Amino acid sequence: MTVKSVSLLSPAKLTLEQYHQIVDSGALDESHIELLNGELVEMPSEGALHANKSTKAAEYLRDLLGKQGGKQVQIREGHPITIPSSNSEPEPDIATVRRLNSYEQHHPYPEDIFWLIEFSDSSLKKDLDPKAKVYAAAGIAEYWVVNLQAIELVVMRDPVEGEYRSQAVWTTGAIEPLGFTGVGVEVDLLLGR
């Protein structure tokens, strides 16, 4: 008896250029998706708790970081970042990026990003695994996930070979983002306490 090997079908991968052509065509206007590793990934609808906490956190960070005269910082909420190395264009809840005029021509690239924050409830598994790996592989120094299920902050740092080597869970206190020495971000305020 001869056994034939069966190849499994894998999803077609998109390049960033192909994805942008689809977006520009309007074909995805009614969809809530992002591009991760060349694949279209559906994003869950944002619940009231998620929207409220991420909005308050962004306002808090704008106020806190706006007082840092030396750095030109922009807080972007729910807007794409572009990661060419993995054909990814995720939309983190909060992206703390360098303030540049070039964002009229392109979204922020990894080298423009200080750190990213996701607020996660139903998307927790996706945010802790494939997204974290995409961000680490791109060399994004710091990635925070606000776990709305456990009411805790997961802080990932030190990206090496597609993984964050440092991961800590915070439930209270103040944490200094790597790019902002002397600035303490109050964990309770991020968690909405």
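1. Two strands count as paired if DSSP finds at least two bridges between them; helices (H or I, at least four residues) and strands (E, at least two) are DSSP runs, numbered from the N terminus. On that basis strand 5 and strand 6 run parallel and are joined by five bridges. One of the partners is given by Glu-118, whose bridge partner in strand 6 is Val-145.

2. The model is predicted: local features need pLDDT of at least 70, side-chain atom pairs count only at pLDDT 80 or more, and totals for chains, interfaces and linings use all residues. Residues are numbered from 1 along each chain as its sequence is written, and side-chain values use heavy atoms, with hydrogens and water left out.

3. The sheet is open, has six strands in the order 3-4-5-6-7-8, and mixes its pairing. Strand 3 (73–77) and strand 8 (163–170) are the edges, each pairing on one side only. Neighbouring strands are turned by 20° against each other on average, direction ignored (axes are lines fitted to C-alpha atoms, for helices over the stretch in contact; angles run from 0 to 180 degrees between N-to-C directions).

4. Strand 3 runs antiparallel to strand 4 (residues 94–98), with five bridges; Val-73 has Arg-98 as its bridge partner in strand 4. Helix 2 (residues 48–66) packs on the sheet and touches strand 3, strand 4 and strand 5 (113–120), its direction making about 175° with that of strand 3. Contact means heavy atoms within 4.5 Å.

5. Helix 4 (residues 130–137) also packs on the sheet, touching strand 5, strand 6 (142–147), strand 7 (152–160) and strand 8. Its direction makes about 125° with that of strand 8.

6. In strand 6, six of six residues are buried (under 20% relative accessible area; exposed is over 50%, partly exposed in between; 1.4 Å probe, protein chains only). Glu-142, Trp-144 and Val-146 lie on one side, Tyr-143, Val-145 and Asn-147 on the other. Six bridges pair strand 6 with strand 7 in the antiparallel sense, including Glu-142 with Arg-157. Four residues separate these strands in a hairpin, where Ile-151 in the turn has a positive phi of about 55°.
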